[in-house]
Amino acid sequence: MSGYFKEIFDGGKSLLVGLGITFKQMIQPVVTERYPRTAPKMPPRYRGHIDLVRDEEGNNKCIACGMCQRNCPTGCITIKGEKPEGAKKKVLTFYRLDFTTCSLCGICVESCPTDALEFSKEYNLAGYSAGDFVFDLLKRCEERRR
Ligand code: SF4
Ligand code: SF4
């Protein structure tokens with residue numbers, strides 16, 4: 001008979017322990033995300049592909065010095081710039097990133113003298129061919145102005 005009551009006691013105890021764990025989890029902060037319905041917030045140090053940084057007026061901060069292009073170990077940056085007539089500074093006219101060979105090393109971001117580059121928060125890139133990962137960063141920068 002005592003074994004019968006012991007089983008009831010053990011069953012009740014185990015039920016209460018299980019419910020305790022469930023209630024404890026219910027009041028913990030939610031760690032899962034409703035992706036893809038909700039876009040995840042990427043951490044500050046996340047490295048997506050590089051992007052051009054805009055100044056307060058919305059213009060890109062690049063002075064077309066070519067430092068990023070020269071320093072990139074995999075040669076995935078191609079830039080072009082020109083000096084408009086009468087202007088003192090060069091203006092960026094073309095900025096292409098071949099993301100298929102980028103190692104996200106960050107040398108371009110670190111070597112830019114005007115802090116004109118940053119890592120984007122892009123996290124879900126997908127495409128059908130390698131060409132889908134060749135980006136016109138100047139165009140992207142101008143589109144973000146709108
Ligand atoms: S992160 Fe590195 S590999 Fe990628 S574009 Fe910049 S310098 Fe090149
Ligand atoms: S290093 Fe900076 S300023 Fe120079 S071309 Fe690259 S992005 Fe532009």
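## Structural report on the predicted model

Helices (H or I, at least four residues) and strands (E, at least two) are DSSP runs, numbered from the N terminus. The number of buried residues in H1 is 0, so this helix lies largely in the open. A residue counts as buried if 20 or more other C-beta atoms lie within 10 Å of its own, as exposed if 12 or fewer do, and as partly exposed in between, with C-beta atoms placed from the backbone.

This is a predicted model, in which local features need pLDDT of at least 70 and side-chain atom pairs count only at pLDDT 80 or more, whereas totals for chains, interfaces and linings use all residues. Residues are numbered from 1 along each chain as its sequence is written, while chains are lettered from A and ligands numbered from 1 in the order in which they are written.

**The sheet.** An open sheet is formed by 3 strands in the order S2-S3-S5, with antiparallel pairing. Its edge strands, S2 (77-82) and S5 (134-136), each pair on one side only. Neighbouring strands of this sheet are turned by 15° against each other on average, direction ignored; the axes are lines fitted to C-alpha atoms, for helices over the stretch in contact, and angles run from 0 to 180 degrees between N-to-C directions. Two strands pair if DSSP finds at least two bridges between them. S2 and S3 (residues 91-98) pair in the antiparallel sense over 6 bridges. Across this pairing, isoleucine 77 stands opposite leucine 97 in S3, and glycine 81 has leucine 92 in S3 as its bridge partner. S3 and S5, which run antiparallel, are joined by 3 bridges; here aspartate 98 is partnered by valine 134 in S5.

**Ligand surroundings.** A residue is near a molecule if its C-beta atom, placed from the backbone, lies within 6 Å of it. Ligand 1 is surrounded by 13 residues, of which the closest are Cys72, Cys102, Cys105, Ile107 and Cys108. The residues around ligand 2 include Cys62, Cys65, Cys68 and Cys112, as well as Thr114 and Ala116. The table gives the shells by class; Ala, Val, Leu, Ile, Met, Phe, Trp, Tyr, Cys and Pro count as nonpolar, Asp, Glu, Lys and Arg as charged, and the others, Gly among them, as polar.

| Shell | Nonpolar | Polar | Charged |
|---|---|---|---|
| Ligand 1 | 10 residues | 3 residues | no residues |
| Ligand 2 | 10 residues | 2 residues | no residues |

**Loops and backbone geometry.** Lysine 61 is placed in the loop between S1 (50-52) and H2 (67-71). Lysine 61 is partly exposed, because 17 other C-beta atoms lie within 10 Å. Leaving aside neighbours within four places in sequence, lysine 61 is in contact (C-beta atoms, placed from the backbone, within 7 Å) with Val53, Asp55, Thr114, Asp115 and Ala116.

Most residues other than glycine have a negative phi, and most peptide bonds are trans. Aspartate 115, in the loop between H3 and S4 (117-119), has a positive phi near 50°. Leucine 104, in the loop between S3 and H3 (107-111), has a positive phi near 60°. Aspartate 115 is exposed, with 11 other C-beta atoms within 10 Å, and leucine 104 is exposed, also with 11. The peptide bond from tyrosine 35 to proline 36 is cis, with omega near 5°; proline 36 is found in the loop between H1 and S1.

Key:
Two residues are in contact if their C-beta atoms, placed from the backbone, lie within 7 Å.
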